[in-house]
Every structure is written in structure tokens, then in C-alpha cells.
Amino acid sequence: MENRHQKIVRALECRIKALERELAQIRRDMAAARENWFEVFEEPGHEGHCRKKQVPTGEPVLLTPPQEVLENPDFKKTSKTIVKQMVNIRLVLEVTQYHADVYYNSKTGERIHAQFPAGVTDEVNYGGSIKAFLFLLNNECCTSLDKSRRFLSDLTDSKP
């Protein structure tokens with residue numbers, strides 16, 4: 001009887017170890033998927049896969065030049081303007097477009113422009129509302145990254 005009991009215990013211990021290995025693999029897969037998600041939606045697009053610029057939903061935010069430009073008359077305004085966007089969603093697409101004039105110092109050859117707000121680093125940036133929406137769509141609704149990306153593309157391409 002005791003021998004039979006030991007066999008059952010050993011079998012259960014083996015099964016527990018197998019389930020622990022399986023759980024560890026699932027956790028590794030989830031971590032890899034999470035990393036992949038952030039690579040897809042956080043990292044700037046590479047050439048050929050650029051983020052699409054959107055039509056601004058309001059007036060552009062004109063950034064004030066740096067104090068250095070205002071205090072130094074050697075800086076001259078150029079015709080160049082850097083344009084970056086922050087894209088967010090509510091029930092409608094909301095696009096804030098920022099313009100920063102570029103100034104040129106004729107003595108030193110230095111070019112300078114106003115600082116863009118935090119989070120506005122690429123030509124097209126996705127705000128927290130889009131990132132949260134896609135994260136929930138991907139994790140809570142179990143959609144693939146490709147389907148989430150296609151949904152965002154369809155959402156931003158269809159304008160009234």
C-alpha cells in the first residue's frame with residue numbers, strides 16, 4: 001500500500017514540475033509578446049514604414065523660440081520650420097501639430113529651434129490614449145498585433 005502511495009506522490013510531483021515548466025514558458029512568451037508590442041508601437045518607424053501624418057484638428061501650436069534666440073540678435077529666423085505631431089483619440093481623431101521656427105546664427109553657423117513638448121520626438125507621435133487603447137485591444141480583446149495595427153490604420157485613414 002505504501003509503495004503504491006509513493007508512486008502516486010512521485011507521479012503528482014512530476015506533473016507539478018511539468019506544469020511549472022509550462023507556466024515558466026508561458027510567462028517567457030508573454031514577456032516576449034509584451035516587448036514586441038512596445039517595439040511595434042513605441043519605437044520610431046524605420047524607412048519605408050513611416051507613421052502617417054494626420055490633418056490637424058485644431059490650430060497649430062506655435063512654440064516660442066528659446067530664450068537664447070530672443071536675447072542674441074545674431075540669430076536670424078530662417079524659412080525652415082520643423083513640424084511634429086501628437087496624435088490622440090477620443091471618439092474622434094485629435095491631432096495637435098507643433099511648429100518650431102529654425103533660427104540661424106550668421107556668425108557661428110549654429111541653428112536652433114524651440115524645444116518640443118515631452119513625448120513629441122518624431123514627426124508623428126501617438127499619445128497615451130492611443131497606446132492605452134491598443135494595449136487594451138491587444139491584451140483584453142486578444143487581438144493580434146497585426147490586427148491592432150490594421151485597426152489603427154483603418155481608424156486614421158477614414159475621415160468624414
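**Group meeting: a walk through a predicted model**

At 14% relative accessibility, Ile89 counts as buried, where buried means under 20% relative accessible area, exposed means over 50%, and partly exposed lies in between, with a 1.4 Å probe and protein chains only as cover. I shall return to Ile89 in a moment; the basis of the values comes now. This is a predicted model, in which local features need pLDDT of at least 70 and side-chain atom pairs count only at pLDDT 80 or more, while totals for chains, interfaces and linings use all residues. Residues are numbered from 1 along each chain as its sequence is written, and side-chain values use heavy atoms, with hydrogens and water left out.

Let me begin with the overall layout. The chain has four helices and five strands; these are DSSP runs, with helices being H or I of at least four residues and strands E of at least two, numbered from the N terminus. In order from the N terminus, the elements read α-β-α-β-β-β-β-α-α. Of the chain's 160 residues, 24% count as buried.

Ile89 itself belongs to strand S2. Its C-alpha atom is 8.9 Å from that of Phe133, although 44 residues separate Ile89 and Phe133 along the chain.

How many aromatic pairs does the count come to? The count is one aromatic pair. The rule is that rings of Phe, Tyr and Trp (its six-membered ring) pair if their centres lie within 6.5 Å, with planes under 30 degrees apart called stacked, over 60 edge-to-face, and the rest tilted. The ring centres of Phe133 and Phe151 are 5.7 Å apart and their planes stand at 35 degrees, so the pair is tilted. Phe133 sits in helix H3 (residues 128-139) and Phe151 in helix H4, so that distant parts of the chain, 18 residues apart, are linked by the pair. Phe133 is partly exposed at 33% relative accessibility, and Phe151 is partly exposed at 37%.

Which residues of H3 are buried? They are Ile130, Leu134, Leu137 and Asn138. These residues cover an arc of only 95 degrees around the axis, which puts them on the same side of H3; the arc is that of the directions from the helix axis to the C-beta atoms.

Between H3 and H4 runs a loop that contains Cys142. Most residues other than glycine have a negative phi. Cys142, which is not a glycine, has a positive phi of about 60 degrees. Cys142 is exposed, with a relative accessible area of 65%.

I turn now to charged contacts. A search of the whole structure finds three salt bridges, each being a side-chain nitrogen of Lys or Arg within 4 Å of a carboxyl oxygen of Asp or Glu.

One of them joins Asp74 and Lys107, with the closest N and O atoms 3.6 Å apart. Asp74 lies in the loop between helix H2 (67-71) and strand S2 (75-89), and Lys107 in the loop between strand S3 (93-105) and strand S4 (111-113), so the pair ties together parts that are 33 residues apart in sequence. Asp74 is partly exposed at 23% relative accessibility, whereas Lys107 is exposed at 66%.

Another joins Asp101 to Lys77, the closest N and O atoms being 3.0 Å apart. Asp101 is in strand S3 and Lys77 in strand S2, so that this pair too links distant parts of the chain, 24 residues apart. Asp101 counts as partly exposed at 26% relative accessibility, and Lys77 as exposed at 54%.

In the remaining salt bridge, the side chains of Arg149 and Asp146 meet at 3.1 Å, N to O. Arg149 and Asp146 are three residues apart in helix H4 (residues 145-157), and therefore about one helical turn separates them. Arg149 is partly exposed at 38%, as is Asp146 at 47%.

Finally, the surface. Leu23, Ile26 and Met30 form a nonpolar patch, with about 260 Å² of accessible area together. Patches are made of residues with over 30% relative accessible area and no salt bridge, joining like charges within 9 Å and nonpolar side chains (Val, Leu, Ile, Met, Phe, Trp, Tyr) within 5 Å. Accessible areas come from the Shrake-Rupley method with a 1.4 Å probe, and for residues only the protein chains shown count as cover. Ile26 is located in helix H1 (residues 2-42) and is partly exposed, with a relative accessible area of 41%.
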